[in-house]
Amino acid sequence: MNSESPVPPLSQPENTKAPPQPARPRRFVGYVGLLQALRRRQRRQLRTEGALLGFAFFVACIGFSGLLAQPSLTAARICLMLAPVGCLGIWWWRGFLRPWRLFYDERHAARLLGERIPELSFDLLAAVELQRALERTPDFSPELARAFLRQADNRAEAFDPDRAVDTRQVRMAGIILACVVGVVAALVLARPAGWWAGVSRAVSEVGVAARPTHRDPITGEVELTYRYPAYTGLQPRTVGGTNGEISALAGTEVSLRTRSDRSVARAELATGDARVPLQVSGGRDLSGSFVVSKSGAYRFVFLTASGRQVAEGPDIPIQVEPDEPPKVTLTAPAEELEIDSGQKVLLKYTASDDFGLTSLELVYRSPRMSEEKRIRLRLSEERRFSGEYRWDLAELRLAPGERLSYYLAAHDNDEVSGKKLGVSRTQYIKIYSATEHRRDAVLKAEALWERLVSHLSSRLEGPDRSAEKQPERVAEHQSVDASGSELCEEMTAVGHQLSRQRDAPEELWAALINVGDNLQRRVAVTGSSRRLFVRASAQRADLDAARRLGRASDEEILESEKDVLYLEALLDRQKLQEITELAKQMSHDRRELASLVEKYKQTKDSALREEMLKQAEALRSRIEELMRRMAELARGIRDEHLNYEALKDLAQQNSLEEQLADVQRLLQEENADAALAKLQEMAMQMEQMLRQLDDSGQQFEGEQNPELTAKFQKFMDDLQDTTHQQKRLADQTKEVRERYRKQMRDRLMQKGMAIKEQLMKLAEEVSKDYRQIGPEQLNYRADRQLEEVQAELENVHNALKIDDFDLAAESAAKAERAAEEIAAHAQQKPYLERAYRSPPQVVAEAEELARRTAKDGQSVREISQKLQQLFPRPDSMLSEGDKSALKQMGTEQKQLGKKAQGLRQQMDEMAQMAPIFGPDANEQMDRVGERMGEASQRLEGQDPARGYGEQKAALEQLERFQQQMRESQGQGKGRGFPMPMFAGSRRSGWGSNRPQEPVQIPDPDQSPNDFRKDLLDAMKQPAPDKYKDQVKRYYEELVK
Amino acid sequence: MRSVAPALLAFVLSSRALAQDLRPEIKSELQHIEQAINDWDIAGAKKALVGLEQVAPPDVEPLQYYKGRIAFEEGRYEEAVSALTAAGIPDKPGSYLRLAKDTRKVMEHHRRAESEHFIFFYPEGKDEVLAPYALETLEAIRTALGTDLGYQPPGKTRVEVVNDARELAKVSTLTYQQISTTGTIAICKFSKLIITSPKAVVRGYDWQDTLAHEFTHLVVTQESRNTVPIWLHEGIAKYLESRWRGGPGLSISPSTLALLGERVKKGKLISFEKMHPSIALLPSAEDAATAFAEVFFAVDLIYREQGAAGLRAIIDKLARGAEEKAALEAATERPFGAFEKGWMAHMKKQPFPKEFIPLSDQKVVLKEQAPAGNKDKGRKGKEINFSDFAEVEEVGARKMAHLGELMRERGHALAAADEYGKARSLVGDKYESISNKYALALLELHRVDEAEQVLQAALRLHPGSPATNVHLGRIFLFKKQFDRARVAYRSALASDPFDEEIHLSLVRIETALGSKELAQRARGAAMVLTGLPAEMVDRVANTIGKNDRPLSEANLPTQPETRESPESVISRRDEPDGGNL
């Protein structure tokens, strides 16, 4: 008994009024009632908890069973079975077993109450104990105990047993259930179909498993004989010792032989609802056959003589093997191919089928065709075939730009379920359209031109040229510098890109490159002037930066204006050319129609009439399309004159449509004569239109910039004259050189050959010695010289080998300089080693190296000197007449050089008007001037060989330049608008539409040393074994 | 006409009807009628015919023929066709019957407007706007010529407007080829004036001066009984054509003056002898222009020395049958040689413009000969048009102007002004296209005063330029200088009457100046051209020059689809250019 429990005084009368208690319904009596109420509630709680947990388990198992079916059907089935069992088990355990264990004894409930309701403490436990003690022989005062019990009753009635009920477990179980339901729902909803299929599978197979067929085998091993359909070409096949499982193509006849486990009167095969009687021989040997048509199963059935079934064997599967459709693959050409009109296309393909192909066709269609057309291809193999077909598209008369779709289609030989079709991927062939490519190029150029206009406007409206420049505003315009620079780069890039494309207008890409290059420099100057101005403004320094910026901006504007106009003129020209081309197309179409009408007139063939009407309709839509395009182009031409002319021509074409409508009407009325007359009228009109367009083009070129045109023409004339004069002068020099060379050759043959072997040997020895010097032995600064001396000595050796004493002398001189530097470095090394207090051995090695390099240097010097001695002063080999002629030629060459400078000046002047020349052209002309200057010096120095070489080089530069200029002007009719000169290196390869020039073998006198050195360097590269001799002979021939 | 008539008369007299023996007095009377018609004395011819009808049998074919001729001259085309058919005239190209039929067809749907002395026939549609201005011009020139030449045609003169050059060819004896190569735009023939609608010409033309010019021809022909030689005819007509708007001799253009100055300087003038038989037969257009300028100054000299009486005297002498030289000598009271010398001296004294001005603005370009882009420019908007610079001969200036237009097209007004400025510095005011585009760029930048200066300078060399006048009008309206704006817009209207901007602006101007009648006239024209109702026209007109829109663009109403009445849409659809709004 708990002495600490507050025990009310016994003296307190029973009827003493207790403090007023809130009225409450009496649900139990005394403490016993309280305990019973608590136990009831507690049990209810635990059953609820058990039910929730059980249900959670059930849900989890059902949920997982669907998901587990895929990896493991067994696991799914276990889940399914566990679900109800586990659910009930948990409920029983938590809701019944556990309460019984917890609450079978009142004392447990009393203790729990005491714990949960502190006011009661353990009084009720004491009461239970007392009550039990009273029932035995008490060793205490029973009255007192009963008084206590009464008091406990009274107190107990004041409390609500719910207070002592623990609901946490139920709540927890509820949460668990909710979580499980949530997780399972999420998993199921993620793949509801899969879950359901899994559950179904688990359930159904459980069901099947639950309903096992108890059919026992009633036959032994089965022998199967397959007789395949004829189209397969397969031989019959017999398979013995099987369990009867059949796998065959549809249409295969299967014969079975087996032996029954008992004697039977009759036997059958049951396939679905059909029955196939078996032949019974000897009471137990069974045989029969049936044709396989679909997958399924069959079984053996035994019957009595009266037909009553006595036994049934298990189901044996029948598997129908599929006959696959043919596979066709186009291996060549590529999916999209662009070809020239009339070009043949080689199609490469493979076709295969499991049993055989019956046909292979090429199916194609162009936009103008109302239906697909087919070409039957040859099949030499039935099952697997790789073939080629050279497709001549010329017959289809596809127009440029037209796109043809095609594929291959093959049929197999399936006679059972019908021939199946297999097709290849659909591919496309487009007829190359120069117009489209040019149009594309024009569009690209036009977009850049538009940006150039915008750039020009930004410059014109910018603050750079205003008298009072505001540094902030000027600084803001750095963005224009950047965008301008970007634009120039893009122009150059697009120009180069277009130059590699076939049929891209040459003048357009050349102009883009020229504009990009020239303007880039101007933009850069403006940009740097701006930076200078901004810096000077910030530092308040007076650097004349404002004026410099203004000037740079002005010059850039001038350049941009010129570029805008020139590019625009070229674009307009292109558009006019396209209009002319379209007009020609229209004319061509008209001629075709006229020829059809003429034919029809003669034959009166109704089929021809249909074709003629179709052609007329096609022509009309084509003319409409062409005219729409022409109108677009004409509107895009901004040139004052060209616009007027182009639109005027276009205006004339409006009547063409009306005339063609008349032609169509007349053809409908079968009035061929009138239609022809009308077509003739159209022809005249078209002719006139073409003439006018041609005139417009010429007029346009004449009016564009007469001043520039005149300058350009003068330049071309001067260039021609200069080239001619240079040629004449070079020819004269050549004559002198020939005499000089003859004398030199004689001298070299005499003296040079005598020392050749000796020098070669010496050069080789020295070279070998240098090779033995490691890089670490010398100062790192001598590395370059070490390499050089070896290379030059090798050159000396090679040159001597081919009797080129001139080159050998030059290489020897270079080798001598390098050898001297090496010796100097080696001389320093011992001093340095001593200064660094290196070990004596190191110092000794350095001294040895110095001695070696000095000796080698001496040898190289000796080689060089001996070679130099072979060459006397050129003038000593010339006659007085030649000397005088050379002097005269030197003077003339100098004057010609001035003329070349004049040409360069003219180029500059023209460059102020239009971007005709790019930096490359300028460089070319500069090189011409340099060559001429060099030639002049050589001639004055009485050196006819090198003088002639320089002259020849200058002449070739000039001729090349002239050729490029001529090509740039293209098909122009003479003295027209100057086209930009092709910039830099030209494209090459298939795309080039310029004439293929033969490779020019440079004259040996042209830049002799560099050229021959290049050849000798090239000789060092290993050639393929097969060609070694040829290569060697080639070089030797060249250098001679 | 003169060449056609005798042939026809011969045909008539040799026809089957005349194979019967006509009495000699009838033959003589017929010849009298023929002569009267040739002398443009239709009243006299009609009187003679009435007299002849009373004595000759009614079925005589020549009677029907002249009845038809007179009916044709008087504009009674239905009657003319009946009578000429009855006369057995063949219906073939060049015959009077074909002419009458063609004219009847062309005039079939024409509408008419009348004043005291004129009946103005015009095609349905926007030509309606011409009527009040044309009648005003004609009445004014009639009054002025009555004073100067002492003659006014009796009755009401017919004026017929044709849609285009093809119609002009049909109603005249000229071929289409002749019309298009010579640039003929109006003729005075068959006792009436025939004028091509300005809508047929790319930039319009000085149609009011042309009306006055042709009426002068009519007066001179009738007064002189068709005896004045062509060169003098042209000289008098050109000299007096400006009388409807002021004094004589105002209509010679600076470009013609400049050309004459150049020729005077080089001594390459055209002699009177070379002008025979027709100035139009001179080898080049430049020679023809020079010849016209020369005869203009010949008339100018006579007018200055003798006044209008001098001209009257020449016409009178010629009408009486005097020779050209004699008539001139009599009128100038000096020998022909002396007159020639004086004339040369007079020409040399003229203040020729220093710059050479191209003649292109004088050239009439028919729309059907113009490129598609110029035929129907649509709404004016920013007036972007590169072909305007085709006339600029100086390559540098043309290129700069071209760049300016590129910039303006892209909304870079400042850059455009820069480029135009460069172009103008190269060629000055020589080309109205450059000046106008420069002014438009300046207006876009709100540099109004600068733009006005540029335009005023351009007007000095191209006084009748409708574009320059319209742009100036905008500036004056903006500055509320209504009087000056009125002059500018009226000058523009004299060449380009179908520009709705002109009429809308005139509504505002006349309203501001309190001229209710003129405002109403402009309103009517604006309604025809825009298809807007009166109140809408007033509302639009009231906003012109007031809102914030730049002066570089025409402040025209947007074109709601519902604003046109069905009738106007139908009538305009029939027009060759579909209504150039």
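# Contacts and make-up of chain A

In chain A, 74% of the contacts with a separation of 6 or more join residues 24 or more positions apart; a contact means heavy atoms within 4.5 Å. This is a predicted model, in which local features need pLDDT of at least 70 and side-chain atom pairs count only at pLDDT 80 or more, while totals for chains, interfaces and linings use all residues. Side-chain values use heavy atoms, with hydrogens and water left out; residues are numbered from 1 along each chain as its sequence is written, and chains are lettered from A and ligands numbered from 1 in the order in which they are written.

Chain A contains 24 helices and 19 strands. Helices (H or I, at least four residues) and strands (E, at least two) are DSSP runs, numbered from the N terminus. Of the 1040 residues in chain A, 47% are buried; buried means under 20% relative accessible area, exposed over 50%, and partly exposed in between (1.4 Å probe, protein chains only). The chain exposes about 54,100 Å², of which carbon and sulfur atoms supply 50%. Accessible areas come from the Shrake-Rupley method with a 1.4 Å probe, and for residues only the protein chains shown count as cover.

# Confidence in chain A

The mean pLDDT of chain A is 82, and 87% of its residues reach 70 or more. The term pLDDT denotes the predictor's confidence in each residue, from 0 to 100. Among the elements of chain A, strand S18 (residues 421-423) has the highest mean pLDDT (95) and helix H24 (residues 1028-1039) the lowest (57).

Two stretches call for caution. Over residues 1-25 of chain A, pLDDT stays under 50, and the model has 13 contacts beyond four places in sequence for them. Over residues 983-1002 of chain A, pLDDT also stays under 50, with 33 such contacts.

# Nonpolar cores

The largest nonpolar core has 273 residues, and A:Phe715, A:Tyr770, A:Leu867 and B:Phe120 are among those with the most contacts inside it. Helix H16 (residues 706-772) of chain A gives the most to this core, with 17 residues. Apart from it lies another core, of 36 residues, including A:Ala594 and A:Met630. A nonpolar core is a set of buried Ala, Val, Leu, Ile, Met, Phe, Trp, Tyr and Cys residues joined through side-chain atoms within 4.5 Å.

Leaving aside residues up to four places away in sequence, A:Phe715 touches A:Leu903, A:Gln906, A:Met907, A:Met910, A:Phe917, A:Met925, A:Phe961 and A:Met965.

# A residue of helix H2

A:Leu82 lies in helix H2 (residues 73-103) of chain A and is partly exposed, with a relative accessible area of 38%. Not counting residues up to four places away in sequence, A:Leu82 touches A:Phe57, A:Cys61 and A:Cys87. Its C-alpha atom is separated by 9.9 Å from that of A:Ser65, 17 residues apart along the chain.

Helix H4 (residues 42-55) of chain B has 14 residues and reaches 20 Å from its first C-alpha to its last, close to the 20 Å expected at 1.5 Å a residue. The expected span is 1.5 Å times one less than the number of residues. In H4(B), B:Ile42, B:Ala45, B:Ala48, B:Leu49 and B:Leu52 are buried. They cover an arc of only 125° around the axis, which puts them on the same side of H4(B); the arc is that of the directions from the helix axis to the C-beta atoms. On the other side, B:Ala43, B:Lys47 and B:Gln54 are exposed. The buried residues of H4(B) pack against helix H3 (24-38) and helix H5 (61-73) of chain B.

Helix H23 (residues 448-461) of chain B has buried residues including B:Val448, B:Glu452 and B:Leu461.
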